[in-house]
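User: I'd like a close look at one part of this protein, with a bit of its surroundings for context. Here it is.

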Amino acid sequence: MGTESNDEIKGVDVENDNKKENEKKICDYIKAVKSIEKDASTLYKDSNERNSMISRLLRDYGGYTGFKWNQTSGSIDDDFRELIDRNLPQAASEFRKNGIYDKIKDPITGVKLDLSHMHASLSGYLYNEKRVIIREEWASWAGDMLSYSEKLAEADEENKIPDLYSYAENIGTTKEEGMNFSLNDLIADVDARNISVLVKQKGMSVADAIEQYYLGGGVQKRFTNFVESYGGINKLESYVQKHNWFPLHNSTRKYRDAAHFGFVSAVKRMLKNE
């Protein structure tokens, strides 16, 4: 019977300690969202409106502000913002980009969870105004596909990429935050969709859905759940291809198509790992 070395035992202990510390950070993050929800309930009696406003506030705290975000997922309520800033003055700094909740790691891949990005994506899915004509995914993976296609065009102009489709398969492979359509971005988009399903179809609050997802096991099958929410991989792929951006002409169409292919390929690749 083999024996473990002291170094191996220490390594396991450190790994367990890191896992526990990360879970504590997730719990603190959820507790903070619940505090915001408590105050939100004094302003919004309708749960759909309340969930949408909370996601918009978290989006704004993360730096996703301005006309574009107001169009894709709604404007922030100044009265709500003032209420939270007054009752929970630490919230703005805690939820900002590079704040304390921006240091939480994904329980599955170990990369940093880009919660600011996730909140922005979630706000699109929970935007409940009937006048909305913009697809909810434009605040999420569709918007990232557009940004990626623009970067792809720039890279091709500079370096003459021989195979755009092969190149686009790097979507979701880089683990560095800030890289164009990194694994962090992909996870944030997928998690936002899955959490929104818990909110809209299961009737959960934003905080309860986040808790169920990250601590209740939902994250274990994130890509499976994401694909199933669109009715399967074939329907997802067909839906992805319906997302166009303008101006669209022969010189830009190839970058759009490559971005479509790269995103779906990334989802399929991650799906195999589950």
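Where is the place of Lys-160? Walk me through that spot, then show me what else stands out.

Analyst: This is a predicted model, so take what follows as a reading of that prediction. Lys-160 sits in the loop between helix H7, residues 141–159, and helix H8, residues 164–168. Its backbone is worth a look: phi is positive, at about 50°, even though Lys-160 is not a glycine. And is Lys-160 buried or exposed? With a relative accessibility of 62%, Lys-160 counts as exposed, because the cut-off for that is over 50%.

Now follow the chain past H8. The loop between H8 and helix H9 (183–202) holds Phe-181. Phe-181 also has a positive phi, near 50°, and is a residue other than glycine.

For a view of both sides of a helix, go back to H4, which spans residues 78–87. Its buried residues are Phe-80, Leu-83 and Ile-84. They lie on the same side of H4, because the arc they cover around the axis is only 90°.

Conventions
Residues are numbered from 1 along each chain as its sequence is written. This is a predicted model: local features need pLDDT of at least 70, side-chain atom pairs count only at pLDDT 80 or more; totals for chains, interfaces and linings use all residues. Side-chain values use heavy atoms; hydrogens and water are left out. Buried means under 20% relative accessible area, exposed over 50%, partly exposed in between (1.4 Å probe, protein chains only). Helices (H or I, at least four residues) and strands (E, at least two) are DSSP runs, numbered from the N terminus. The arc is that of the directions from the helix axis to the C-beta atoms.
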